[in-house]
Every structure is written in C-alpha cells, then in structure tokens.
Amino acid sequence: MANPLPASFSSSHPYRGMATNGQGFRRLNTVVKVAGIFTVLMAMAPLIVILWSWGSDQTETWQHLIATQLSTLLRNTLVLVIGVGVGVTVLGVSLAWLTVMCEFPGRRWLDWGLMLPMAMPAYVLAFVVLGIFDFAGPLQQGLHAWLGSDYRYIDVRHEAVVIAVLVLVFYPYVYMLARSAFLAQSTDVMEAARVLGANRWRAFFGVALPMARPAIVAGSSLAIMETLADFGTVAVFNYDTFTTAIYKSWFGLFNLQAAAQLASLLLLFVALALMAEKQSRGRRSYTQSGRKQHRFRQQLSPLKAFAATAFCSVVMLIAFILPVLQLLQWVLVEGLELIDARYLNLLWRTLLLGGSAAVLTVALALLLAFSRRRAKARLRTFYDLGTLGYALPGSVLAVGIMLSFTFIDNQLIAPVFEWLSLPPKPLLLGSVFALLAAYWVRFLAVANGPVDSSLQRIRPSIPEAACSLGSSGWSLLWQVYLPILRPGLLTAMVLVFVDVMKEMPATLLLRPYGWDTLAVRIYEMTSEGEWQRAALPALTLILVGLLPVIQAVRQSAGR
Amino acid sequence: MRRGLRYSLLSLLILLVACAEPEQPAPELLVYSARKEHLIKPLFDRFTEQTGVVVRYVTDKAGPLLTRLQAEGENSPADLLMTVDAGNLWQATEVGVLQPVESAILNSNVPKHLRGRDNSWFSLTIRARTMVYNTDTLSASDLSTYEALAQPEWAGRLCLRTSKKVYNQSLVATMIATLGEEQAEQVVAGWVDNLALDPFSNDTKVMEAVALEQCEVGIVNTYYYGRLKKQKPEIPLALFWPNQQGEGAQGRGVHVNVSGVGITRASQNKVLAQQLIEWLTTPEAQRMLMDLNQEYPVNPGVEMNAELQAWGLFKGDQIDVSEAGRLQAAAVKLMDRVGYR
C-alpha cells in the first residue's frame, strides 16, 4: 500500500524515457557522466592522499596506542556515535512529526523555530553550556549563594552532557529532512492504513516512517559523520575520542603519517556503516501516488497539545534561546568596540564564501546525483565514495586537500610556469579557488542528501510525459526537473551555506591573506580560552546563519 | 529560476576573476603565524609605520602551518614562521623549513639558550609555567617544587590542564631532560593520583577550580593569571615560583617556554625578514609584546612592566628550550602511560 506502483517499475531510472530522445540529449548525457566522474575523483583525491600514509611503517605508534589509550578511545567514540545517532533520530523525527502532522498552540512558530539551532556551531554551544553550568558559571554560583557553604559543586563535564550538546546541535539535520519528507507524504496513505485496521502507532511505524526512511537516514548519517569528525566540542569537555588520538599523533608526536592512518580507519568505519544501511534497506522503494495530495493536521486534545508545546519549546529554549542570551550577555560585558570596517569586511567575506560555495556545491551534487542515476548498479558505490570525506576531522581533510593541491601545483603547474619562463608560484594553494574546492569536497555529502532524496521523488511518469510532449535535453532539465527539485536544492543550499560559515579548520589552513571569516575570528579568541571575547563573532555568525534558514522556512511554508 | 541560476553563475565567475589580486609594488613580507591576530597585528602595524614594509600574515595552529610549509617546499610564499612553544620551533628546524640567520643584533638581544641550535629561530617572549594556589587555604610556605606535588599529602588537592596541551608536554619533556625518564614518570604518575578533578581544557578553568576550593593548587602560565586577576581582582589566588632553592634539579628554576620566529628556507626576502626579527627584539617591540599579553621579554636589557614586577622576580630554568621539542614525543607517551588525560 505504501508502494502503489509495481516495484519493478518504480525502481527504474526516473528519466528512462528520455534516452530515446535525439542526439542533443545523448551529448548532454555524456557531459553529465564525465563531469560526475570528475567530481567524484576530485572529492576522493584527499582521501587517497590519506590512504597513501599506509606506505610508511608506524608500528611503534600503533603499539603505543594499543598499549595505552586505544580501547578507551574506541569505547568513547562508540558511546558517542550511538548516543548521538539515537538522540538526533528520536528528537528530529518526533519534532518533525509533531509540527507536520499535529496542531497545537505555538506550532506555527515552533515549526521554523526548531530549525534555528542549525545555525549554532557545535563548539559554540559547547563553550556556552560550560560557561553557564560550570563551577564558576551563573547557575552554580547562584546555587552556592543561595545554599551557602553546604552547596557542593557539580562537575558537568560528563559523557551525557557531551552527547546532549551534540544532539542539540545536530538534530536539525534530521528535523529538516524528515520534515520535508513528511510534508511530501499524503495523509491519504495514513488514513488508508487506519481504515485497514492499524492503530495510530502502527500506521506511523508501518507506513509513514518507512516512507520517510531515506530522508531520516540521510539526516542521521550526517549527524553521525559530524560527530565522528568533531574535535572542538569534545576538546572543550576534555572527552577523548578517536579524533583526539588523530590530533595527538599529529601535534604531540609530530607524526602526520600515523594521524592519517588513524583517520583512514574512521573512513572505513563510515563506509561499512553506510553499506550496512543500504543492505538493510534492500531494494524497497517508495513512490507517492499521483493523486492530489491531502494533508489534515490532527487536532490534539488539550493535555496532549500542552505536552507537545512544552516539549518543542524546551528543546528550542535549551538548544537556541538560552545560548543566544548567554552570548548576548557576554557581548554586552565585552563591549562592541570590535565592530569596525574590518569587522564588516569579515562579515562580507563570510557571506561571499558561504554563498558561492553553496551554489557550487549544490550544482555539483545535482550533477553527481544525475550521473549516479544513469550509472550501472555496480558503479553506484563508486559515487557514494565521494561523500565519505565528511566524516574526517576537519584539519585532516584540510591537509589531504592541501597536499593534493600542492601536488598539482608542484608537479603539473610549476613545469608550465618554468616553460613560460615565469617565476614559479603556487596557483591553487593560497587562492580562493582552493578554499571553494575544499568546501565542496567537504560538504558534498551535506548537499547530496536533500538533492538525492528530492530527485527520488520525481516519478518516472513526469519526464516520460514531458518527453512525449516533445521536451528534451536542456529544456527538460530547466522546465521540468528544476522546478520540481527546487525545494530540495534550496534545503541543500541552506545546509551548505550555514555549514561553510561555521567551518573552521579548512578555512584556517587554505584561506588566502585577507579572507578571514567569522569562524576564524572565533578560533583566534577561543584557542587561548577567551570565550567571552568570542561571543560577538559567534553571535554574528548565528544571526547571519539565521537568514538563509528563515528564507528556506518561508519557501517551504507555502507548500 | 533560469535567470536566477544564470546570475549566480555569472557572479561566481566575477568572484573568481576578482580574486586574482594585482601584484603590489610595495615591499612586503608574508608571515605564517600560530600567534593570534590581536597579539601580532599591532606590532606589524608599527613596523610598517617605521619601515614602509607591509607585513601580511595567515594565522592557524602550528601543526597545519608547518605541514603547509613542508608541502609548499621551495615554492612557499611565506617568509617567516611565527609560533608559540619551543617544541613547534624545534620541529620546524627538524623538518628543514627554516634557514639559519647570522646577526650580531639578534645574538646580543636573544640569550643563547633561547635560540635554535643553528640560529634558525629566535625567541621573542618567555612564558613561565608556574603554580597558582588558593590564598584562603594555603600559604606560600606549603609549596616547594613541581616534584613535591606528587607526594601523597597532596592527594585530592591538585588541578591540572589536559596533557594534550603543548605547554604541559613541554613541562614534562624538560622534566625528562633533567630528572631522567623513570623519575619523571613517577612524578607525573603522582600528579595523576593527586588530581581532585579530571584535567581541564584550559588554564582559566584550572584557576577557577582552585579559587572555588575544588582543589588548592594548579599549574598555569602566568599571563592567564594576569588576565583573570584583571577581570576579578578579588579572586583569592596567588602565584608561586617553584624550584627556586636547593641543588641540581631541585633548584633548576621555574619551567619556561617561549614564543619565537624563524625565516623560511623558501623566503625570497631574507634581508627584510631579518630586519623584522631584529626589530621584534628591540626594546620598543619587546615592551609592546609584554604589554599585549603579559609575557616576559626575551631581551635581557628590557625592564619588566609594573604588572610583571608585582608578580615577583624568579629564577627560570636555564635548560636549552630545544630539549622540550626533542623530548616532546617521549613526554606525550609518558603521560599516556600514566593515564594523564
């Protein structure tokens, strides 16, 4: 019932019908394919650099790690991944379900308000949480003043707090994707399930959830990959994970090779996890029926409505409002003297980089998705490899990108300069292009989720109908595909835009002189523990990040 | 939609063209700096004022900057590498990205144990890593040496920053150099046993915990103390200079580390770069450095400012700071072995 079309039909290529349509299309097809393969190869270059490290012998470092820390690190990482994975899925899906399918007081506000934590960088929430709840923070100081010397201070640097912080920062990935999946579902299907005797829960778990599964999984895997790559948050809490070992090998033992070897294990882990998910999803595929879509919100009983409002508000309060208020207080304490022409320049560069990277990345993700669709089943795994880099700790991926660029600079471009008898000068490294390339290599995975799942929603009959009416090639793309894909592309752009603005390690390593961003400024302040001074750039970053998020919400609210 | 996409592609193109900035005729230097912008910009601005040489900089952590220098090799656009911690400077020398400098001015302004072995880098400031204690629960006479904090009497009274911070790695590395690996390991293991709380992510948190009587003594860099004291003058904290008296290792002095700078091997502007380093060790620049971050001047001829004088004079460890780099990996492994997180 979830799949009104025969499976064999719905799992075929959505624009199969176009292949018969003239030479222009065939040329376009080849271009798409070649460009797609090139995109994947570019995205894989830093990964190959990292795998290259296995050529050197690091037995001693490995023995040391195994003898001392490795078991703890693996345990911690596993706890974090499971905790965050379960947390973001439960929180993201339940919030999305409530705001899409139910009616309760404040829903219209919370619907978009719950997306706002997306703009909050994880490391900012971490230091704000510690700032509020630590020994010297206002909460414990207040309790101490109230209870007197009987009060015993509590150390909040606990595993559960680390997980909670990451869940609160990363749940919007699941929320946004699950929300648009639920929005696209017709309530007819749920009603049909109810008519056939399923109770409300069974209809949810048996029909609505499986239909939204690709979107939910895409969101959760983004959150998990971010968790694996995270260093800033765990460092604030001094919580040791696999990333800690990577950075310790690099900065402490001066051993980049061992660090790269460790990082490649992260890649392996993510690749296996994604493959396992694909296997368990199997060949099932869901296509919506072609009938006009109906959606009725369920009016909750007063008690339930109150509970829903309270739940959503509490999440928004802790994940967004409270941290922003704390940052605001710090900004007021520190003063606004930092705002000058240079600060505005900082802001402008941040927006410029975020905007152009978003356009570029989403365009490439779309190319990749088309190209992947046209590829043979065996080749599709190859395309998935292009998105693995997201799970690498930022600095490690940045170094991989840098090394592959210097290789091109030194081996390919320098000889050309020499031949032209010009002074040798690195062309890629230290250019804005290098920075943009780094962004799309890193965030291809982010754009890929929404782009791919919205492409999956295009029923085969649509392009077939367009083709039968004489549309082909570019006009098919511009007039049929893009309008349908628009919401998905927009979501992807917002995600990438916000992520690029928050991005720190690659920006630090690859930016040309003068291309400082707000995240760089935050780094400058926080690296010496001056968290309060970082409040102004952090707050600016969050506020600027809100703009595209709100825009996306307004676009999708009309649906 | 079609128009929107066309415009965005067009603006992307303009962006890429606009980024190819024109060559500038004014002489300029490019610095890769692990020191933060707000600590170096005032200095570079002053230098530009005096000499007309424009100083550009790219800031990042020391590790990535060093990797970038190595990868760029002979084609690197950087003229200088500026970083904190002797370990990082030592490593830069080891991988051969710096070049030796012969300068009478630098030789007289920077003491020998605070320079690279082949004069490939020079310290600019000294940073003392010393003890801070709660003045309500302890007095200076309760404290003596770093090693004494490993005694059982300090159980549950010590706070430390994480071993992942290079400052602690250098501290332990110099302990290995003076005490030998075995004894150093015993001391650090004793510290770990005495910890009141899990190690903290930064020095300020250590001091806050000491001030709130979660523990009684911690080990921190002095400028963090200066910063906190400025914000909260009433906080019940004081500095203590350990290892001042006695023979040999016991009286070796307070652990000091440095921030420093070196000229890259690839630099095409060696004369200008040397001029910048020399200027940075002059009394004027040294005073600016001191006032910006309360670090100690490396030039022995420069008098300390009022704030540093108020903290008291101390004897610093005279060990060649390069030792901190040579033994850093050993120190990291030692701390892993005794479970110092």
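**View 1. Contact between the two domains of chain B in the predicted model.** Domain 1 of chain B places 18 residues in contact with 21 residues of domain 2 of chain B, two residues being in contact if their C-beta atoms, placed from the backbone, lie within 7 Å. On the side of domain 1 of chain B that touches domain 2 of chain B, the elements giving two or more residues are α4 (86-94) and β9 (255-264) of chain B. Helices (H or I, at least four residues) and strands (E, at least two) are DSSP runs, numbered from the N terminus. The largest share of this side, five residues, is supplied by α4(B). By class, this side of domain 1 of chain B holds eight nonpolar, seven polar and three charged residues; Ala, Val, Leu, Ile, Met, Phe, Trp, Tyr, Cys and Pro count as nonpolar, Asp, Glu, Lys and Arg as charged, and the others, Gly among them, as polar. Domain 1 of chain B is assigned to 26-126 + 256-305 and domain 2 of chain B to 128-255 + 315-337, with bounds that come from an automatic or database domain assignment. The C-alpha centres of domain 1 of chain B and domain 2 of chain B are separated by 27 Å.

This is a predicted model, in which local features need pLDDT of at least 70 and side-chain atom pairs count only at pLDDT 80 or more, while totals for chains, interfaces and linings use all residues. Residues are numbered from 1 along each chain as its sequence is written, and chains are lettered from A and ligands numbered from 1 in the order in which they are written.

**View 2. Contact between the two domains of chain A.** Chain A is divided into domain 1 (15-55 + 338-559) and domain 2 (72-281 + 296-330). The contact joins 39 residues of domain 1 of chain A to 41 residues of domain 2 of chain A. Elements giving two or more residues to the domain 1 side in chain A include α2 (22-52) and α17 (394-419). The largest share of that side, 11 residues, comes from α23(A). The side of domain 1 of chain A that touches domain 2 of chain A comprises 25 nonpolar, 10 polar and four charged residues.

**View 3. Contact between chain A and chain B.** Here 52 residues of chain A meet 47 residues of chain B. Among the elements of chain A that each supply at least two residues to this side are α3 (59-68) and α15 (341-374). The largest share of the side of chain A, nine residues, belongs to α17(A). This side of chain A has 29 nonpolar, 14 polar and nine charged residues.

**View 4. Helix α6 of chain A.** Helix α6 of chain A covers residues 122-133. The expected span of a helix is 1.5 Å times one less than its number of residues; for the 12 residues of α6(A) this gives 16 Å, which agrees with the 16 Å between its end C-alpha atoms. Of the 12 residues in α6(A), 10 are buried, that is, 20 or more other C-beta atoms, placed from the backbone, lie within 10 Å of the residue's own. The buried residues of α6(A) include A:Tyr123, A:Phe127 and A:Gly131.

**View 5. Confidence along chain A.** Among the elements of chain A, helix α4 (residues 70-101) has the highest mean pLDDT (94), and helix α1 (residues 7-10) the lowest (35).

Note on methods. pLDDT = per-residue confidence, 0-100.
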